[in-house]
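Trainee: I would like to learn how to read a protein model. Could you take me through one?
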Amino acid sequence: GKLLDEIQTGMLARAREFAASRTSDAATVDEFKAALEAKPGYVRVHWCKAQECERALIEATKTTPRNMPAGDQGKPGKCIVCGIDTDTVIYYARTY
């Protein structure tokens with residue numbers, strides 16, 4: 001009923017706020033490391049889709065790819081590792 005809808009809407013809003021408050025952006029590997037130290041959680045980066053760049057970022061930051069939200073795709077940027085133009089955005093996080 002209506003009460004359940006209100007509860008679910010409130011829970012979703014709080015979950016989105018929580019995730020947003022723990023998401024940082026980084027354009028370089030050094031920025032990525034600093035962001036993760038300052039605020040543990042997700043780090044949103046541009047990625048060129050090359051496996052070599054993915055492996056290099058995983059190795060350098062000890063994180064793993066987590067999510068590629070459809071709403072974040074198509075935004076121009078440069079790959080965090082190699083610097084080539086890309087519109088692919090991916091979130092990384094550490095496993096605890």
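This is a predicted model: local features need pLDDT of at least 70, side-chain atom pairs count only at pLDDT 80 or more; totals for chains, interfaces and linings use all residues.

Trainee: What pattern does the chain follow, read along the sequence?
Mentor: Start with the elements: there are three helices and six strands. Helices (H or I, at least four residues) and strands (E, at least two) are DSSP runs, numbered from the N terminus. Read in order, they give α-β-α-β-α-β-β-β-β.

Trainee: What percentage of the residues of the chain count as buried?
Mentor: Buried means under 20% relative accessible area, exposed means over 50%, and partly exposed lies in between (1.4 Å probe, protein chains only). The chain has 96 residues, and the share that counts as buried is 29%.

Trainee: Do strands E1 and E2 run parallel or antiparallel?
Mentor: Strands pair if DSSP finds at least two bridges between them. Strand E1 covers residues 23-25 and strand E2 covers residues 42-46. Three bridges join them, and their direction is parallel.

Trainee: What separates the C-alpha atoms of Arg66 and Tyr91?
Mentor: Arg66 is in strand E3. Arg66 and Tyr91 are 25 residues apart along the chain. Their C-alpha atoms are separated by 5.5 Å.

Trainee: How many residues apart are Arg44 and Asp25?
Mentor: These two form a salt bridge, with the closest N and O atoms 2.5 Å apart. A salt bridge is a side-chain nitrogen of Lys or Arg within 4 Å of a carboxyl oxygen of Asp or Glu. Arg44 is in strand E2 and Asp25 in strand E1, so the pair links distant parts of the chain. The separation is 19 residues.

Trainee: Which residues do salt bridges that share partners join into one network?
Mentor: Lys75 forms a salt bridge with Asp72, the closest N and O atoms being 3.4 Å apart. Lys75 is partly exposed at 43% relative accessible area, while Asp72 is buried at 12%. The network's members are Asp25, Arg44, Asp72 and Lys75.

Trainee: Which parts of the chain hold Arg94 and Glu37?
Mentor: Arg94 and Glu37 form a salt bridge, with the closest N and O atoms 3.9 Å apart. Arg94 is partly exposed at 28% relative accessibility, and Glu37 is exposed at 59%. The pair ties together parts 57 residues apart in sequence, because Arg94 lies in the segment after E6 and Glu37 in helix H2.

Trainee: Is His46 buried or exposed?
Mentor: His46 is in strand E2. A polar atom of its side chain lies 2.7 Å from the backbone oxygen of Lys75. The relative accessible area of His46 is 18%, so His46 counts as buried.

Trainee: With which side chain does the side chain of Thr63 make a polar contact?
Mentor: Thr63 is in the loop between helix H3 (51-61) and strand E3 (64-67). Thr63 is buried, with a relative accessible area of 1%. A polar contact is a pair of N or O atoms within 3.5 Å; within protein, one must be able to donate a hydrogen and the other to accept it, and residues adjacent in sequence count only if both atoms are side-chain atoms. At 2.6 Å, the partner is the side chain of Thr61.

How values were computed. Residues are numbered from 1 along each chain as its sequence is written. Side-chain values use heavy atoms; hydrogens and water are left out.
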